[in-house]
Amino acid sequence: MDFQLNFYGSPGCDLNFLLNASVRLNLRKERRDDLINVYYKTFKETLEFLHYENIPTLEDLKYELRSRELYGLFALCCFLPIVTMPKELSEDNSIENLVNEEFARLKYKKVFAQKRLQAQLKYGLKRLEDMGVLNEF
(Lines give C-alpha, C1' and ligand atoms only; values in the text may rest on other atoms or scores of the structure.)
Protein backbone atom coordinates (compact mmCIF):
# COMPACT_ATOMS: atom_id res chain seq x y z
CA MET A 1 0.00 0.00 0.00
CA ASP A 2 1.04 3.56 -0.69
CA PHE A 3 -0.20 6.15 1.79
CA GLN A 4 1.90 9.08 0.52
CA LEU A 5 -1.02 10.82 -1.22
CA ASN A 6 -3.73 9.53 1.07
CA PHE A 7 -6.76 11.77 1.65
CA TYR A 8 -10.52 11.57 1.92
CA GLY A 9 -12.13 12.98 -1.19
CA SER A 10 -13.88 12.47 -4.47
CA PRO A 11 -13.40 9.30 -6.50
CA GLY A 12 -12.90 11.75 -9.38
CA CYS A 13 -9.49 12.55 -7.89
CA ASP A 14 -8.43 8.89 -7.81
CA LEU A 15 -9.74 8.15 -11.27
CA ASN A 16 -8.08 11.21 -12.82
CA PHE A 17 -4.82 10.26 -11.18
CA LEU A 18 -5.12 6.69 -12.47
CA LEU A 19 -6.04 7.71 -16.01
CA ASN A 20 -3.23 10.24 -16.31
CA ALA A 21 -0.36 8.57 -14.48
CA SER A 22 -0.89 4.83 -14.71
CA VAL A 23 -2.50 3.98 -18.03
CA ARG A 24 -0.69 3.41 -21.31
CA LEU A 25 -1.41 6.03 -23.96
CA ASN A 26 -3.14 3.69 -26.40
CA LEU A 27 -5.55 2.61 -23.65
CA ARG A 28 -6.23 6.20 -22.64
CA LYS A 29 -7.05 7.05 -26.25
CA GLU A 30 -9.02 3.95 -27.22
CA ARG A 31 -10.52 2.57 -24.01
CA ARG A 32 -11.00 5.53 -21.64
CA ASP A 33 -14.76 5.06 -21.41
CA ASP A 34 -14.33 1.32 -20.86
CA LEU A 35 -11.88 2.00 -18.02
CA ILE A 36 -14.31 4.44 -16.42
CA ASN A 37 -17.15 1.92 -16.72
CA VAL A 38 -15.09 -0.88 -15.17
CA TYR A 39 -14.00 1.46 -12.36
CA TYR A 40 -17.63 2.44 -11.72
CA LYS A 41 -18.82 -1.18 -11.70
CA THR A 42 -16.26 -2.11 -9.05
CA PHE A 43 -16.87 1.12 -7.12
CA LYS A 44 -20.64 0.48 -7.05
CA GLU A 45 -20.24 -3.19 -6.09
CA THR A 46 -17.93 -2.23 -3.24
CA LEU A 47 -20.37 0.37 -1.91
CA GLU A 48 -23.25 -2.13 -2.18
CA PHE A 49 -21.21 -4.74 -0.30
CA LEU A 50 -20.60 -2.16 2.44
CA HIS A 51 -24.35 -1.34 2.54
CA TYR A 52 -23.63 2.27 1.62
CA GLU A 53 -26.72 4.38 1.04
CA ASN A 54 -27.10 6.88 -1.81
CA ILE A 55 -24.68 5.23 -4.20
CA PRO A 56 -23.61 7.69 -6.89
CA THR A 57 -24.68 6.97 -10.45
CA LEU A 58 -22.29 6.59 -13.36
CA GLU A 59 -23.30 10.12 -14.41
CA ASP A 60 -22.43 11.37 -10.90
CA LEU A 61 -19.00 9.77 -11.24
CA LYS A 62 -18.50 11.36 -14.67
CA TYR A 63 -19.42 14.75 -13.22
CA GLU A 64 -16.90 14.25 -10.42
CA LEU A 65 -14.29 13.13 -12.94
CA ARG A 66 -14.80 16.26 -15.04
CA SER A 67 -14.83 18.61 -12.06
CA ARG A 68 -11.54 17.12 -10.78
CA GLU A 69 -9.56 17.21 -14.05
CA LEU A 70 -6.89 19.36 -12.37
CA TYR A 71 -5.83 16.25 -10.45
CA GLY A 72 -5.23 14.67 -13.83
CA LEU A 73 -3.09 17.65 -14.82
CA PHE A 74 -1.03 17.22 -11.65
CA ALA A 75 -0.62 13.50 -12.31
CA LEU A 76 0.30 14.07 -15.93
CA CYS A 77 2.84 16.86 -15.49
CA CYS A 78 4.27 16.22 -12.03
CA PHE A 79 3.91 12.53 -11.27
CA LEU A 80 4.12 10.76 -14.63
CA PRO A 81 7.61 12.09 -15.48
CA ILE A 82 8.92 10.72 -12.18
CA VAL A 83 7.34 7.28 -12.39
CA THR A 84 8.32 6.77 -16.03
CA MET A 85 11.92 7.87 -15.54
CA PRO A 86 14.29 5.16 -16.74
CA LYS A 87 16.59 3.68 -14.11
CA GLU A 88 19.70 5.12 -15.75
CA LEU A 89 18.26 8.65 -15.41
CA SER A 90 17.37 8.19 -11.76
CA GLU A 91 20.61 6.73 -10.41
CA ASP A 92 22.16 10.09 -9.51
CA ASN A 93 18.97 11.69 -8.18
CA SER A 94 19.43 13.11 -4.72
CA ILE A 95 18.41 16.25 -2.88
CA GLU A 96 22.01 17.40 -2.97
CA ASN A 97 22.18 17.04 -6.75
CA LEU A 98 18.71 18.41 -7.48
CA VAL A 99 19.31 21.67 -5.59
CA ASN A 100 22.14 22.34 -8.02
CA GLU A 101 20.43 24.43 -10.73
CA GLU A 102 22.61 23.21 -13.58
CA PHE A 103 22.20 19.55 -12.58
CA ALA A 104 18.43 19.98 -12.25
CA ARG A 105 18.13 21.78 -15.59
CA LEU A 106 20.03 19.02 -17.40
CA LYS A 107 18.08 16.29 -15.57
CA TYR A 108 14.70 17.80 -16.52
CA LYS A 109 15.86 18.18 -20.10
CA LYS A 110 16.79 14.48 -20.25
CA VAL A 111 13.60 13.33 -18.53
CA PHE A 112 11.32 15.37 -20.78
CA ALA A 113 13.23 14.29 -23.92
CA GLN A 114 11.74 10.79 -23.63
CA LYS A 115 9.52 10.14 -26.66
CA ARG A 116 6.91 8.11 -24.73
CA LEU A 117 6.59 10.81 -22.08
CA GLN A 118 6.33 13.52 -24.73
CA ALA A 119 3.52 11.60 -26.45
CA GLN A 120 1.65 11.22 -23.14
CA LEU A 121 2.06 14.91 -22.32
CA LYS A 122 1.04 16.11 -25.80
CA TYR A 123 -2.07 13.97 -25.79
CA GLY A 124 -3.04 14.77 -22.21
CA LEU A 125 -2.42 18.51 -22.43
CA LYS A 126 -4.30 18.75 -25.73
CA ARG A 127 -7.23 16.87 -24.22
CA LEU A 128 -7.30 19.17 -21.20
CA GLU A 129 -7.01 22.24 -23.43
CA ASP A 130 -9.88 21.04 -25.65
CA MET A 131 -12.04 20.55 -22.54
CA GLY A 132 -11.24 24.07 -21.33
CA VAL A 133 -9.58 22.82 -18.15
CA LEU A 134 -6.47 24.93 -18.73
CA ASN A 135 -8.65 28.07 -18.87
CA GLU A 136 -9.99 27.41 -15.36
CA PHE A 137 -6.99 28.84 -13.55
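1. The structure holds one cavity of 30 Å³ or more. A cavity here is a set of points on a 1 Å grid over the protein atoms alone where a 1.4 Å probe fits but cannot get out. The model is predicted: local features need pLDDT of at least 70, side-chain atom pairs count only at pLDDT 80 or more, and totals for chains, interfaces and linings use all residues. Residues are numbered from 1 along each chain as its sequence is written, and side-chain values use heavy atoms, without hydrogens and water.

2. The largest cavity has about 30 Å³ of space, a volume being the space filled by probe spheres set on the grid points, which are joined across faces, edges and corners. Leu19, Asn20, Arg28, Arg32, Tyr123 and Arg127 line the largest cavity; lining residues have an atom within 4 Å of a point.

3. The largest pocket has about 370 Å³ of space. A pocket is an open set with protein on both sides within 12 Å along at least five of seven lines. Closest to the pocket's centre, of 16 lining residues, are Tyr8, Gly9, Ser10, Pro11 and Phe43.

4. Helix α5 (residues 69-83) packs against helix α9 (residues 115-131) at about 165°, with axes 11 Å apart. Helices are DSSP runs (H or I, at least four residues), numbered from the N terminus. Axes are lines fitted to C-alpha atoms over the stretch in contact, and angles run from 0 to 180 degrees between N-to-C directions. α5 and α9 are therefore roughly antiparallel (angles over 145 degrees).

5. The α5 side of this contact (heavy atoms within 4.5 Å) includes Leu73, Leu76 and Leu80. Among the α9 residues are Leu121, Leu125 and Leu128.

Technical notes. Helix = DSSP H or I, 4+ residues; strand = E, 2+ residues; numbered from the N terminus. Parallel < 35°, antiparallel > 145°, perpendicular 65-115°, else oblique.
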